[in-house]
Amino acid sequence: MLNLERLRTLDALARHGSVSGAAEGLHVTTSAVSQQMAKLEREVGQQLLARNGRGVRLTDAGRLLADHAARILSQVELAQSDLEAQRGQVVGELRLTAFPTAMRGLFPAVLSALRADHPALRVRSRELEPESGVNTVIRGDADLALVLDWYNKPLPMPEGLAKAAILDDPVEIAMPEGHPLAGRDAVDLEDFADEEWVAWAEGEFCHEWLLYTLRGKGIEPCIAHRAEEHQTQLALVAAGLGVCVAPRLGRDPMPAGVRAVPLRHGVHRYIYAVWRADADRRPSIRAAVEALRKAGESIGSAASPASP
């Protein structure tokens, strides 16, 4: 009889590609991973791991069993989801991730609501960029991730995930209050063709969107400064060091000396939750999505009078 926890260890090794990565994903020590794999090799009577430089790799038998382990663990998660749904109680542990502005702009209200409405539910949250959040859900290291699409550039989404819309987030351009365009009611991206930009870190989804969008308009942007947090970007704008894209979610308080002007054609980010489809019936997932939607509706209602 194959041991489920050892199959889970093998699955983590296959997903993370290293003993240390598997240990971090499973929240155990590297020696515990090695011990579990040694026991699994004795159980199946075949070598599952081979040395690869300073690391290890899966043998052919290891890859074959890892494929089966992924399917078995998916069925186990589906069974647990069905049992939780039949019981109908929001209990256990729920692991959430969100990108920085959603972590700041949505999660305080969401986590407080979940604690008040479901005291038997243990919620753990972690700040991750959208692509990393999706990957943690796929790997089984998180139960639900809050991610985003840009209006003209969707986030690549693997199969096997369910999703729910949470909020449409309007985007504006932040500039120093003394900027020549600061008094306008609306602007176009083309208006800033010759500006220095304060942008996200290179390689991040939002940074790639900015390059993709501006280049699509024939503009090669001058990225003068990079910062991951919007509040840091806005501080650089307040110092007169450039302009930046300023989504409304999680933006306040706006620093003194900065003016945010709406984009004329209503640029938005579409924020949504994703989770594994085989966990779709879990009451804790349903409760989290409901809390996220309520928080999103509250923010959308508060922002609507100021919308362009």
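The lining of the largest cavity is made of six nonpolar, two polar and five charged residues. Here Ala, Val, Leu, Ile, Met, Phe, Trp, Tyr, Cys and Pro count as nonpolar, Asp, Glu, Lys and Arg as charged, and the others, Gly among them, as polar. The model is predicted, so local features need pLDDT of at least 70 and side-chain atom pairs count only at pLDDT 80 or more, while totals for chains, interfaces and linings use all residues. Residues are numbered from 1 along each chain as its sequence is written, and side-chain values use heavy atoms, with hydrogens and water left out.

Stay with that cavity. Rolling a probe the size of a water molecule over the atoms shows where empty space is left. On a 1 Å grid over the protein atoms alone, a cavity is a set of points where a 1.4 Å probe fits but cannot get out. A pocket is an open set with protein on both sides within 12 Å along at least five of seven lines. Lining residues have an atom within 4 Å of a point. For volumes, grid points are joined across faces, edges and corners, and the space filled by probe spheres set on the points is taken. How many cavities of 30 Å³ or more does the structure hold? It holds one. The largest cavity has a volume of about 80 Å³. Its lining has 13 residues, and F99, P100, E129, W200 and H230 lie nearest its centre.

The largest pocket holds about 870 Å³ of space. It is lined by 37 residues, with R8, E77, R95, R139 and G140 closest to its centre. Helices (H or I, at least four residues) and strands (E, at least two) are DSSP runs, numbered from the N terminus. Which elements give two or more residues to this lining? They are helix 1, helix 2 (19-26), helix 4 (60-87), strand 3 (92-98) and helix 7 (130-139). Helix 4 gives the most, with eight residues. By class, the lining of the largest pocket has 13 nonpolar, nine polar and 15 charged residues.

The second largest pocket has a volume of about 350 Å³. Of its 16 lining residues, E24, G25, H27, R126 and D141 are the closest to its centre. Helix 2, strand 3, strand 4 (121-127) and helix 7 each give two or more residues to this lining. Strand 3 gives the most, with four. The lining of the second largest pocket divides into two nonpolar, seven polar and seven charged residues.

Next come the charged pairs. A salt bridge is a side-chain nitrogen of Lys or Arg within 4 Å of a carboxyl oxygen of Asp or Glu. The whole structure has 18 salt bridges. One of them joins R184 and D191, at 3.5 Å from N to O. R184 is partly exposed, at 37% relative accessible area. D191 is partly exposed too, at 31%. The cut-offs are simple: buried means under 20% relative accessible area, exposed over 50%, and partly exposed in between (1.4 Å probe, protein chains only).

Is D11 buried or exposed? D11 is buried, because its relative accessible area is 10%. R15 is partly exposed, at 27%.

E229 and R104 form another salt bridge, at 3.0 Å from N to O. This pair links distant parts of the chain, 125 residues apart. E229 sits in the loop between strand 8 (222-226) and helix 9 (230-238), and R104 in helix 5 (residues 100-105).

What about the cysteines? A disulfide is a covalent bond between the sulfur atoms of two cysteines. Here the cut-off is a pair of cysteine sulfur atoms within 2.5 Å. A search of the whole structure finds zero disulfides. C206 is in none, since the nearest cysteine sulfur, that of C244, is 12 Å away. C206 is buried, at 6% relative accessibility. Why is C222 too far for a bond? The closest cysteine sulfur to that of C222, in C244, is 15 Å away.

The peptide bond from D252 to P253 is cis, with omega near 0°. P253 is in the loop between strand 9 (244-247) and strand 10 (258-262).
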